[in-house]
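I opened the model to look at the chain as a whole, then at some local details. My entries follow in the order I made them.

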Amino acid sequence: MTLNVERLRALHAVAVHGSIAAAAEALHVTPSGVSQQLSKLERETGHALLEPRGRGVRLTRAGHVLAGHAERVMAQLAAAAAELDGLREAAVGPLRLGAFVTAARSVLPAALTALRERHPGLVPTLLEANTDEILPALTRGDIDVAVVESWDTLVTPFPASVANVLLSSDVIDLALPAGHPLARRRAVALSELRGMRWASWTAGGSCDQQLVQTLREHNVEPDIACNVADYPTQLAFVAADLAAALIPRLGRDPIPRGVRVVATRPAVHRKIYAAWRAGSDLPAVRACVEALRAVAERLPDGRPGS
């Protein structure tokens, strides 16, 4: 025998409210609708569930037995609905992150540790890539939260479908071979850097474009000596007197011997943002952004070193 939940709901309402009319009012249906549900339930069970009592009705013995079960079914359904509603407020399940390399090293470990402690039901994964790869992945729905960079000399445009919040602002310094004449300065004008060879990121990527755009704004056409996708390798080329490099302070490794880091004039900055799809403000996304902001607030200011 298969029992219909809506018919059990009608029987439960009659048992609680004492009449078909009152049950109909509580269920926001017509009395005839309740009567039809109960008639079908009697046919399904093979038992009379109601009997006349004056101008109204009362439950038969079978009606009382089934009404007791209906009460437990309604309570279980209410508990299930409440638990599902709770999931909307709980930070649980998979959380897909994307971040550029510096943020992946300097921000994500502490943020993910905090998330694990506060929201053990979250299961984060990380994609490390350039900003120009991460943002399309975010808009496609391949990741849930992105940590991206935007240089003041090459601003990253956010699509209308993407919400964002500023996490921090970073300073970009000039790394020179220690023996270079300009390395003795505290600051070097970008317009003085003509004729130098440069270490840059993957050719054509956003990081490479940022270097090229920054120098071209000061009438310097960069001569790229190497394209490598990490700052430590770029600094190794600088230490070997093979190139210069523009190096952010955030997450920078100890400066190797043979490299001198000086400030630029004018100063070059990059902003770091957390981004997510507008309208997908789920608990897991909110928890992640809050953790990223908390970690970013504690980041120390970088200072040029030698």
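I began with the surface. This is a predicted model, and I found an accessible surface of about 16000 Å² for the chain, with 52% of it belonging to carbon and sulfur atoms. I then looked up burial: 43% of the 306 residues are buried.

Next came the overall form. I counted 10 helices and 12 strands in the chain. The radius of gyration is 33 Å, well over the 19 Å from the globule rule for 306 residues, so the chain is more spread out than a compact globule. Along the principal axes, the C-alpha atoms fill a box of roughly 110 × 35 × 30 Å.

I checked contacts with a separation of 6 or more, and 74% of them join residues 24 or more positions apart. For charges, I noted 33 positive and 31 negative, with mean positions 3 Å apart.

Then I turned to helix α7, residues 131–140. Which residues of α7 are buried? I listed T131, I134, L135, A137 and L138. They lie on the same side of α7, because they cover an arc of only 160° around the axis. I traced what these buried residues pack against: the strands β3 (93–99), β5 (145–151), β6 (162–177) and β12 (268–277), and the helix α8 (206–216). Just after α7, I noted that G141 has a positive phi of about 90°.

Last, I looked at Q210, which sits in helix α8.

Methods: Residues numbered from 1 in each chain as written. Predicted model: local features only at pLDDT ≥ 70, side-chain atom pairs only at ≥ 80, totals over all residues. Heavy atoms only, no water. Buried < 20%, exposed > 50% of the residue type's maximum accessible area, 1.4 Å probe, protein only. Helix = DSSP H or I, 4+ residues; strand = E, 2+ residues; numbered from the N terminus. Arc of directions from axis to C-beta. Contact = heavy atoms within 4.5 Å. Rg over C-alpha atoms; globule rule 2.2 N^0.38 Å. Areas by Shrake-Rupley, 256 points an atom, 1.4 Å probe, with all protein chains shown as cover. Lys, Arg positive; Asp, Glu negative; His and termini not counted. Charge placed at Lys NZ, Arg CZ, Asp CG, Glu CD.
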